[in-house]
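Below is what I looked up, sheet by sheet and then contact by contact.

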Amino acid sequence: MAFDKMELRDVEVWDGNHAAAQALRQAQVDVVAAYPITPSTPIVEGYAQFKADNYVEGEFVMVESEHAAMSGCIGAAAAGGRVATATSSQGLALMVETLYQASGMRLPIILNIVNRALAAPLNVNGDHSDMYLCRDSGWIQFDAFSPQGAYDLNFIAFKVSEDHGIRLPSIINQDGFMTSHTAQGVTTITDDDAYNFVGKFKPMNDMLDFEHPVTHGVQTEEDWHFEHKARQHSDLMLKVSPKIDEVFANFEKLTGRKYSQVECYDMEDADLCVFCLGTSVETAREVATEMRAKGLKAGVVGLRVIRPFPFAQIIEALKDVKAVAILDRASPGGAPGAMYNEIAGALYNTEYSPLLSGYIYGLGGRDLTKANLVDLYNELQTNVDAGKVTTQLQQFIGVRGPKLSFL
Amino acid sequence: MAKKGWDEFEIGAMLRSFDGSIDDIAGTRQEDRTYSENNSYKASVADWRLIKPVFNKDYCIDCQFCWIYCPDVSIIARDKKMIGIDMDHCKGCGICVEVCPTNPKSLLMFPEQAEDEAEIASWPKKDEEEA
């Protein structure tokens, strides 16, 4: 069965959802099992449309829940196909049980998560609560800051995940609405170049290999379970990071677009650093440039690879900085922010001790304004001048009512 | 099975059924198949059985009902003759006894510790009323 190729302009005006859907088409995904949820719906809807219009050769499986969606993906991946899906928020919450199955079974599924707040109260807008919900699920996790990232990282994720030395599933995060529904110029790759980059899917231990029957999803108790988890963690810690660097380098050769696990902006001589994820990275970069004009040595670090956590690269990026604001876009539920804890953990046993302050912001789609970030850089400079963190360690930005801070 | 370290087995929650590749597995008898050490065929998975079926061939008519109904493929039949029970895989569910049509039954359930020969020697007689 032949399928049609699509002529793309060099630069298309796409939102993050359409960019991800186009990437799934160009990678010629074999199976998408999906249950639609705002704001990720157009990704799987897009794949279904491409399939209906004969632009992709594959199967779209309509299921009754997100739990079933990932379960269908697991079955298809174990059978030996290239598999992807998308979800958000409550859907991801229902899917979480199966995420651990997918990574433990070492199935290279690609999941686009369009980040959205978790109820209650019910909210369809972007924050990173769902991103953090599957933080420890054993998946490789990328973060797009824009539609271009959502497009490019899909190809990169397939290439990393499907490598027979890796065989771990990947999540590509993008911000709900701010990325997923905001159209921007996306520099495209031709159908042939994109498919050649990802390559033909190479099955491994697939159930459709009838000469070598396998049982997937076995049970282990105290005698074997620990060894399986140790192997998975070891591969995440040791093998994935070099593979990602290799794929980033090959992607740069193809497209000229350079990705890094830790994206540094004006960090060479920076005293002040804002550390954040998602669309906030681009806003922070703009403000950092403006703060430079005012004489503050401002920089931005954005996290491109959330898992495996790029421990060494984080230390390298922050070693000469005097103060770091770590922004967490999720309610931390009775603790310092997740990223605050991780950065503090990375730096603690080093000789470097920049002043770390944590900020909770943007919950349920609340804007992080440029004015917020100007205040933030000024506060970091105040900390540097005082030689200590002058505020409490955890502050809330942009919430109405009396100032909220802890620790 | 030797207890391997975390770096000594294939990745994934995945087990191979056979060593090497297979061909015509349906036409190959279980004892002739190249089952891997991981296959449950090589393991006893019957240690929680409390009652067991005992087979009395004197009454068996080789109807194959037990072979068809056994949910654990534990009835051993060759050339359509019932020859015994795979006690490493039988869970003692009693379905074989339930479906056995002979009078008296050719399969009956006994406590796990019962002696097969003694039970066969004192096998129930034909039930005349039922006949």
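I began with an open sheet of seven strands in chain A, ordered β3-β2-β4-β5-β7-β6-β13, and its pairing is mixed. At its edges I found β3 (59–62) and β13 (305–307) of chain A; each has a single partner strand, so one side of each is left without a neighbour in the sheet. Direction ignored, neighbouring strands of this sheet are turned by 20° against each other on average.

A note on terms: helices (H or I, at least four residues) and strands (E, at least two) are DSSP runs, numbered from the N terminus. Two strands pair if DSSP finds at least two bridges between them.

A note on the source: this is a predicted model, where local features need pLDDT of at least 70 and side-chain atom pairs count only at pLDDT 80 or more, while totals for chains, interfaces and linings use all residues. Residues are numbered from 1 along each chain as its sequence is written, and chains are lettered from A and ligands numbered from 1 in the order in which they are written.

Next I checked β6(A) and β7 (residues 170–175) of chain A, which pair in the parallel sense over four bridges. In β7(A), A:I172 stands opposite A:F142. Helix α3 (residues 66–79) of chain A lies across β2 (31–34), β3 and β4 (83–87) of chain A, and runs at about 165° to β4(A). Such angles run from 0 to 180 degrees between N-to-C directions, with axes as lines fitted to C-alpha atoms, for helices over the stretch in contact.

**Entry: the sheet with β10 and β17**

I then turned to another open sheet of seven strands in chain A, with the order β10-β12-β11-β14-β15-β16-β17 and mixed pairing. Its edges are β10 and β17 (405–406) of chain A, each with a single partner strand, so one side of each is left without a neighbour in the sheet.

β11(A) and β12(A) pair over five bridges in the parallel sense. I noted two bridge partners in β12(A): A:G299 for A:C273, and A:G302 for A:C276.

Is β11(A) buried or exposed? Five of the five residues of β11(A) are buried, so this strand is largely enclosed by the rest of the structure. Buried here means that 20 or more other C-beta atoms lie within 10 Å of the residue's own; 12 or fewer is exposed, in between is partly exposed, and C-beta atoms are placed from the backbone. In a regular strand the side chains alternate between the two faces of the sheet. Both faces of β11(A) are covered, with A:L272, A:V274 and A:C276 buried on one side and A:C273 and A:F275 on the other.

**Entry: helix α10**

I looked at α10 (residues 280–293) of chain A next: this helix has 14 residues and reaches 20 Å from its first C-alpha to its last, close to the 20 Å expected at 1.5 Å a residue. The expected span is 1.5 Å times one less than the number of residues.

Which elements do the buried residues of α10(A) pack against? They pack against β10 (262–265), β11 (272–276), β12 (298–303), β14 (323–328) and α13 (370–386) of chain A. Contact means C-beta atoms, placed from the backbone, within 7 Å. Among the buried residues of α10(A) are A:V281, A:A284, A:V287, A:A288 and A:M291. After α10(A) comes A:G295, whose phi is positive, near 100°.

**Entry: domains of chain A**

The domain assignment, automatic or from a database, gives chain A domain 1 (11–255) and domain 2 (264–406). Their centres, taken over C-alpha atoms, are separated by 28 Å. I found 26 residues of domain 1 of chain A in contact with 21 residues of domain 2 of chain A. On the domain 1 side, β6(A) gives the most, with four residues. That side divides into twelve nonpolar, ten polar and four charged residues. Ala, Val, Leu, Ile, Met, Phe, Trp, Tyr, Cys and Pro count as nonpolar, Asp, Glu, Lys and Arg as charged, and the others, Gly among them, as polar.

**Entry: chain A meets chain B**

How many residues does each chain bring to the contact? Chain A brings 17 residues and chain B brings 14 residues. The largest share of chain A's side, four residues, comes from α8(A). β9(A) is joined by three bridges to β1 (residues 14–16) of chain B, and the two run antiparallel. I noted that A:H216 stands opposite B:M14 in β1(B).

Conventions: Two residues are in contact if their C-beta atoms, placed from the backbone, lie within 7 Å.
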